[in-house]
Amino acid sequence: MKVLALMTLTGSVAVLTQSYAEPSSAAHKAAAAAIDRVGGHPNFSGVWSVMNTANWNIEPHLASAALEVRPGPVIPVPAKAIVALGAVGSVPAGMGVVEGGTIPYTPEALAKRDDNRKHYLERDPEVKCDLPGVPRANYMSLPFQIVQSGKTFLISYEYAGAVRDILFSDPGPAPIDSWMGQSVGKWDGDTLVVTVTGMTDGTWFDRAGNFHSGDMKVVERWTMMNENTIRYEAEITDPATFTRPWKMSMLIYRRLGEDARLQQFKCVEFVEELMYGDLRKEPLK
Amino acid sequence: MNANRFTALLAGLSIAALAAPAVFADPAAAAAGAYKAPMNAYGQPDLEGTWTNATLTALERPKEYGTRKAMTPEEVKKIEGGAAQLFAADAAPRDPKVKTTDLPHDCGLGFSGAGCGYNAAWIDPGSTVMRVNGEARTSFITDPPDGRLPPYKPGVTVPNMFMRAHYGENPENQTLAERCLTSFGYSAGPVMLPLLYNNNYEIAQSKDTVAIVVEMVHDVRIIHIGGKHRTDGERPWMGDSIGWYEGPTLVVETTNFPQATALRGAWKELTVTERFTRVGPHRVLYQFRVVDPTVWDASWSGEYEFTASKGRIFEYACHEGNYALSGILAGARADEATAAAGKTAAATAAPAAPVKKQ
């Protein structure tokens, strides 16, 4: 019964993810007319963040006890390393951001995703404070700031000091893979379309083991719905991992007033005990 | 000879660096040519672009220049020519018979290990003496007139970043750069100072923000235009920067520095004021004034010019590839194990000696 109820609920939320207003709607057009512009384009400058739980899991999900669990006498229980966190270590529910609700993995890739979940603590690059890649950087719980002029579009992320400079002149294939990839942008009307390539296979989509290969291409569409809301879409193409291209979409909100100030989250120092603790002269017990 | 190339290279650079850096040039004079700085879409002076401050000139002036802030053409030729020769020598094919054990293992300035860690391909300290409004400079510092930091107040101590207590014992005992937290030296600043490599910056401007992307350790300085300094006692990395525009100049004032990134020992009462003025299509005049009455009786000031970088900044994912930190710690543990084994062996052998004597 519990499994059936879960599946029903999962199906319901998957449908709900399709309910965003389309950029072509009359309501959107009226709001768009009031949006500040710079260099002839909508001005995205400001501090932004999502209000969803996509960084926990981009697929629809109910709340759960932990990101990594182990078999219990009755039901799975949190992995030993998470137990002490209690409710803080649990996973908040989310409607998901994947259009259609489910990521179209190949069977082999799906098995790897599931295995990633079993070994979450040792595999999620966020645990080690690695740079997050795209699209994940955009929907982490921490905000990002866009600094846009008539010719520049810079995205500075609070998490780990990650940064992206959107290039408006295509330099050709990225000369070397990187964690944040190479972003090439062009304007499609009032939508900024950014093609991101040249990313390593070291980043994930979320804390739920969802991953990609080093051949992934991400095409982002950034559209201001009104002065304080962005509709963000990303089409993922990665034949080595997925059976077809798929999309995620979500809303991103402007931070206002005293919240509109990007802080610093240099998490590198916060993971030193995790990564190097065993190499101390006197390891802690 | 090959084995000594890098030593010579570093020695040459250190001479230029320690040797190579007078009072501000008048900003108006610096910008007095026919050049008219462009304005951006917000009506602000347009400072956007990718810039570098790589140079053979350093912050402080070598004592032999005295109070002279400009180099003679002959001095410029000697320094720039010497650097070019050293780089060419280091880039030349190395004798295949040279082994790593033949390479210099201590080049000073903290560079040690086989080949001292870097060869010419890996470094980018600049190839020219700093010009400010066309004048070749002996130092960045222009005030005091000798181009050197003013005397420290009694009791002020300045930790040497390369001489850290408990080195190798814990990750927290290592330099911020070895931990991939910030750069060696003071790349992100303020004051923003060049290093052995990665001396590139990108400036982006919106109506209320200036962002300066720092290549080294991918730091981003966020400057709040028209903002106010925080008063909550918190001290963020790189301090707390606010800015405003004065005619063609961006003025940035930074306070609330953390102790971890003290500027030549100053942090608690440190205020750095920077002035960015575009003085040519490919030049930005950078001027700075440093005040900390708890560290120096007098303020000190300086200037240099950023020049346009060729190309864009690539990602410097320091932490993600930081095998050095675990290597340093593991190496220290291995050294301890070796030393302990030696002591054990000596202790085991010790009783035999008296027996022999008998």
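## A look at the two-chain model

P190(B) sits in the loop of chain B that runs between β6 (141-143) and β7 (200-205); helices (H or I, at least four residues) and strands (E, at least two) are DSSP runs, numbered from the N terminus. This is a predicted model, so local features need pLDDT of at least 70 and side-chain atom pairs count only at pLDDT 80 or more, while totals for chains, interfaces and linings use all residues. Residues are numbered from 1 along each chain as its sequence is written, chains are lettered from A and ligands numbered from 1 in the order in which they are written, and side-chain values use heavy atoms, with hydrogens and water left out.

Most residues other than glycine have a negative phi, and most peptide bonds are trans. Here are the exceptions in chain B:

| Where | Feature | Angle |
|---|---|---|
| G189(B) to P190(B) | cis peptide bond | omega near -15 degrees |
| P190(B) to V191(B) | cis peptide bond | omega near 10 degrees |
| N198(B) | positive phi, not a glycine | phi about 60 degrees |

V191(B) is in the loop between β6 and β7, and N198(B) is in that loop too.

Now for the interface. Taking contact as heavy atoms within 4.5 Å, 42 residues of chain A touch 43 residues of chain B. About 3700 Å² is buried between the two chains, 55% of it from carbon and sulfur atoms; buried area is the accessible area (1.4 Å probe) that two parts lose on being put together, summed over both.

Six salt bridges cross from chain A to chain B, each a side-chain nitrogen of Lys or Arg within 4 Å of a carboxyl oxygen of Asp or Glu. One salt bridge joins K151(A) to D46(B), with the closest N and O atoms 2.8 Å apart. On the chain A side, β6 (144-148), β7 (153-157), β8 (163-165) and α6 (272-276) each supply at least two of the residues that touch chain B. That side is made up of 18 nonpolar, 14 polar and 10 charged residues, where Ala, Val, Leu, Ile, Met, Phe, Trp, Tyr, Cys and Pro count as nonpolar, Asp, Glu, Lys and Arg as charged, and the others, Gly among them, as polar.

Over all chains, the salt-bridge count comes to 28. Take D188(A) and R221(A), whose side chains meet in a salt bridge at 3.2 Å, N to O. D188(A) lies in strand β9 (residues 182-188) of chain A and R221(A) in strand β11 (residues 217-226), so this pair ties together parts that are 33 residues apart in sequence.
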